[in-house]
Amino acid sequence: MKKRLAILGSTGSIGANTLDVVARHPDRYEVVALAAGKNDAKLLAQCAEHKPKYAVLADEQGAERLRAALKERGLDTEVLQGPDKLERVATLPEVDAVMAAIVGAAGLPSTIAAARAGKQVLLANKEALVMSGPLFMRAVAEGGATLLPVDSEHSAIFQSLPRGFACGRAGEIERAGVRRILLTASGGPFRTTPPERLTHVTPEQACAHPNWVMGRKISVDSATMMNKGLEVIEAHWLFASPLAAIEVVIHPQSVIHSMVEYHDGSVVAQLGAPDMRTPIACALAWPERIASGAEPLDFATVGRLDFEPLDPARFPCVGLAAEAIAQGGTAPAALNAANEIAVEAFLNRRLKFTDIARVIENALAEVAVEELHDLDQVYAADLEARAFATRSIARLARGDVLAAGLPVK
């Protein structure tokens, strides 16, 4: 019997790669629902190819255009509009698995709803764990959902754990005999830059990743290594692992996607070409393996694998993420929000690169932390941290002007 899928965020890179893998195995998968934000043109093409029963758009005008275009082509896909419809398709009885790939807080309600409905949740929305980890994991437990990571690092960890390992289950990591989870990181563009030069780096330099071409925000997160800090938070919840057992190691070649060390001294690693179709195929077919379309890894070309310890002075954002988890409650949501505001200010040349961590650190110290009971608290902490970070950036900018002896406007 085919596995029936709802793909939330189908027009983004994860969604498009998911549909690429699905198209390679028409005998295994059926697309029941596709959901996107505003890209009705791309969603129309996906509907024409995969013929889902439902298509969801957040944008009202886009939904109207999609309805008209589908009718013109004689396609009977039902078009739904609005964020509440994401939860509807994520919980449909005829859906077996949900690819949760909507970026940001917009994906939280539908991802939690899918978990609460007991679906197989293929998790690519990192905010579900970073912003609302306790709530999401509670929904997984209460709904009896199966949680499968799609991020390449967390998929690598999952693949390096014993067969049958259940994500999110308390005590599972200890029963597996795990000593350490090792998250690998490329080190970004400033891995070898002298620390005194980091104050003056430009957005263009920060976005020049040595291994990949990525969006500007995630490129800066890689440069500060906040991306790895957020992955530490995700790993903490996904594998029910204590923070002390999660370690970041610099691996410039980005061939090993992460590793697991066991108490007997064995280290199991997952290697592969940098292609998101590999972890997507792993999650789609689990516990089986299917062709993803990714190129085989050429070991002769790889040549060598290097490793370095993380320098916490150069990359303070990793430690700030660990601090947020230690604080608990709404602190990780505040961390995430402050980081987004600080990165945006840096990209707009209103904040120094080294002040990104400073803004986040101040937010963690000043924004009130509450024990987490519902999503309204997550949204409130997000708004409060954004407002605080904005004020903090303005104060830092004023200080820079005064230090330069320029008039304050």
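**Exercise 1. Glu153 and its surroundings**

Task: Start from the polar contact between the side chains of Glu153 and Ser152, and describe where Glu153 sits.

Solution. 

Step 1. The side chains of Glu153 and Ser152 are joined by a polar contact of 3.2 Å. The model is a predicted one.

Step 2. Find the element. Glu153 belongs to helix α8, which covers residues 152-160.

Step 3. Judge the burial. The relative accessible area of Glu153 is 15%. Buried means under 20%. Glu153 is therefore buried.

Step 4. List the contacts. Residues up to four places away in sequence are left out; Glu153 then touches Leu183, Thr184, Lys228, Glu231, His257 and Ser258.

Step 5. Check the record. UniProt, in an unreviewed entry, places a "binding site" feature at Lys126, Ser152, Glu153, Ser186, His209, Ser222, Asn227, Lys228 and Glu231. From this set, Lys126 is part of the lining of the largest cavity.

**Exercise 2. Ser222**

Task: Is Ser222 buried or exposed? Which residues does Ser222 touch?

Solution. 

Step 1. Ser222 sits in helix α11, residues 216-224.

Step 2. The relative accessibility of Ser222 is 4%, so Ser222 counts as buried.

Step 3. Skip residues up to four places away in sequence. Ser222 touches Ser186, Gly188, His209, Met214 and Asn227.

Step 4. Return to the record. The unreviewed UniProt entry includes Ser186, His209, Ser222 and Asn227 in one "binding site" feature.

**Exercise 3. Two residues of another annotated set**

Task: Find the place and the burial of Ile14 and of Asn39.

Solution. 

Step 1. Read the record. An unreviewed UniProt entry gives a "binding site" feature at Thr11, Gly12, Ser13, Ile14, Gly37, Lys38, Asn39, Asn125, Glu127 and Gly215. Asn125 from this set belongs to the lining of the largest cavity.

Step 2. Take Ile14. Ile14 lies in helix α1, residues 13-23. At 16% relative accessibility, Ile14 is buried.

Step 3. Apart from residues up to four places away in sequence, Ile14 touches Met99, Ala101, Ala124, Val150, Met276 and Ile280.

Step 4. Take Asn39. Asn39 is in the loop between β2 (29-36) and α2 (40-50). The relative accessibility of Asn39 is 34%.

Step 5. Leaving aside neighbours within four places in sequence, Asn39 is in contact with Thr11 and Leu57.

**Exercise 4. Asn336 and Pro189**

Task: Give the element, burial and contacts of Asn336, then do the like for Pro189.

Solution. 

Step 1. Asn336 is in helix α16, residues 331-347. With a relative accessible area of 2%, Asn336 is buried.

Step 2. Asn336 touches Glu127, Val130, Met131 and Leu230, not counting residues up to four places away in sequence.

Step 3. Pro189 is in the loop between β8 (178-185) and α10 (203-206). With a relative accessible area of 21%, Pro189 is partly exposed.

Step 4. Pro189 is in contact with Gln205, Ala206, Ala208, Pro210 and Ala223, leaving aside neighbours within four places in sequence.

Step 5. Compare chain and space. Pro189 and Pro210 are 21 residues apart along the chain, and their C-alpha atoms are separated by 5.8 Å.

Methods: Residues are numbered from 1 along each chain as its sequence is written. This is a predicted model: local features need pLDDT of at least 70, side-chain atom pairs count only at pLDDT 80 or more; totals for chains, interfaces and linings use all residues. Side-chain values use heavy atoms; hydrogens and water are left out. UniProt positions are given in the numbering used here, feature names are shortened, and annotations may be inferred rather than shown by experiment. On a 1 Å grid over the protein atoms alone, a cavity is a set of points where a 1.4 Å probe fits but cannot get out, and a pocket is an open set with protein on both sides within 12 Å along at least five of seven lines; lining residues have an atom within 4 Å of a point. Helices (H or I, at least four residues) and strands (E, at least two) are DSSP runs, numbered from the N terminus. Buried means under 20% relative accessible area, exposed over 50%, partly exposed in between (1.4 Å probe, protein chains only). Contact means heavy atoms within 4.5 Å. A polar contact is a pair of N or O atoms within 3.5 Å; within protein, one must be able to donate a hydrogen and the other to accept it, and residues adjacent in sequence count only if both atoms are side-chain atoms.
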